[in-house]
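Please keep the sequence and the structure in view while reading.

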Amino acid sequence: MEGTSAAANFSSLPPPSRRLSQIRHRKKRMRDEMFAEIMESTRNERARLNEWKDTVSKYRKDASEREDRRDQREDRRDQREERRDARDERWRQEDQRRQDAMLGLLREQTDMLRCLVELQEWQQDHRLGLQPLYNPPPHVP
């Protein structure tokens, strides 16, 4: 029986040319499968690379927007400081004008007082003796 089963098994094997063809076909299929796997891996890597590029791009965009907002805040702060400095300068100039006006007024008043004092001194130097306005009765002792 063993002989018959061995013979049956041997007879069921394909001829050598067919077996070589199957081996070549199997090699070609393995090559095609490896190529397909490499292509799939490349697609996956490319997808991950694109995802990473998108993430980096989004991060850079967010960072740029934050920087723009910070620049705008700094610009607004600078404008406020410039307006405050201009206002302070106007107030300083106004204070200076008031002070100059006040000093001018004080000079004028000082000059007037000096003139009044001079007039008073002149009047005292040129004063006539006091004379009665009416004739009082003579004083009896």
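## Aromatic rings and charge

A search of the whole structure, which is a predicted model, finds zero aromatic pairs. An aromatic ring does, however, take part in another kind of contact: the charged end of Arg87 sits over the ring of Trp91, at 4.9 Å from the centre of that ring.

Arg87 also has a charged partner. Its side chain meets that of Asp88 in a salt bridge, with a distance of 3.6 Å from N to O. How accessible are these two residues? Arg87 has a relative accessibility of 32% and counts as partly exposed; Asp88, at 35%, is likewise partly exposed. Both receive this label because their values fall between the limits of 20% for buried and 50% for exposed residues.

## Salt bridges within helix α2

In the whole structure, 13 salt bridges are found. One of them links Glu74 with Arg70, where the closest N and O atoms are 3.7 Å apart. Both residues belong to helix α2, which covers residues 16-125. Glu74 and Arg70 are four residues apart, or about one turn of the helix. Glu74 is partly exposed, with a relative accessible area of 31%, and Arg70 is also partly exposed, at 38%.

A further salt bridge joins Arg98 and Asp95, with 4.0 Å between the closest N and O atoms. What separates these two residues along helix α2? Arg98 and Asp95 are three residues apart in helix α2, so about one helical turn lies between them. Their accessibility falls into two classes: Arg98 is exposed, with a relative accessible area of 53%, whereas Asp95 is partly exposed, at 45%.

Salt bridges with shared partners connect Glu94, Asp95, Arg97 and Arg98 into one network.

## A nonpolar surface patch

Which residues make the nonpolar surface patch of about 370 Å²? The patch is formed by Met102, Leu103, Leu105 and Leu106. Among them, Leu106 lies in helix α2. Leu106 is partly exposed, with a relative accessible area of 42%. This residue can be counted in a patch because patch members must have over 30% relative accessible area.

Definitions and conventions
Residues are numbered from 1 along each chain as its sequence is written. This is a predicted model: local features need pLDDT of at least 70, side-chain atom pairs count only at pLDDT 80 or more; totals for chains, interfaces and linings use all residues. Side-chain values use heavy atoms; hydrogens and water are left out. Buried means under 20% relative accessible area, exposed over 50%, partly exposed in between (1.4 Å probe, protein chains only). Rings of Phe, Tyr and Trp (its six-membered ring) pair if their centres lie within 6.5 Å; planes under 30 degrees apart count as stacked, over 60 as edge-to-face and the rest as tilted. A charge sits over a ring if NZ of Lys or CZ of Arg is within 6 Å of the ring centre and within 35 degrees of the ring normal. Patches are made of residues with over 30% relative accessible area and no salt bridge: like charges are joined within 9 Å, nonpolar side chains (Val, Leu, Ile, Met, Phe, Trp, Tyr) within 5 Å. Accessible areas come from the Shrake-Rupley method with a 1.4 Å probe; for residues, only the protein chains shown count as cover.
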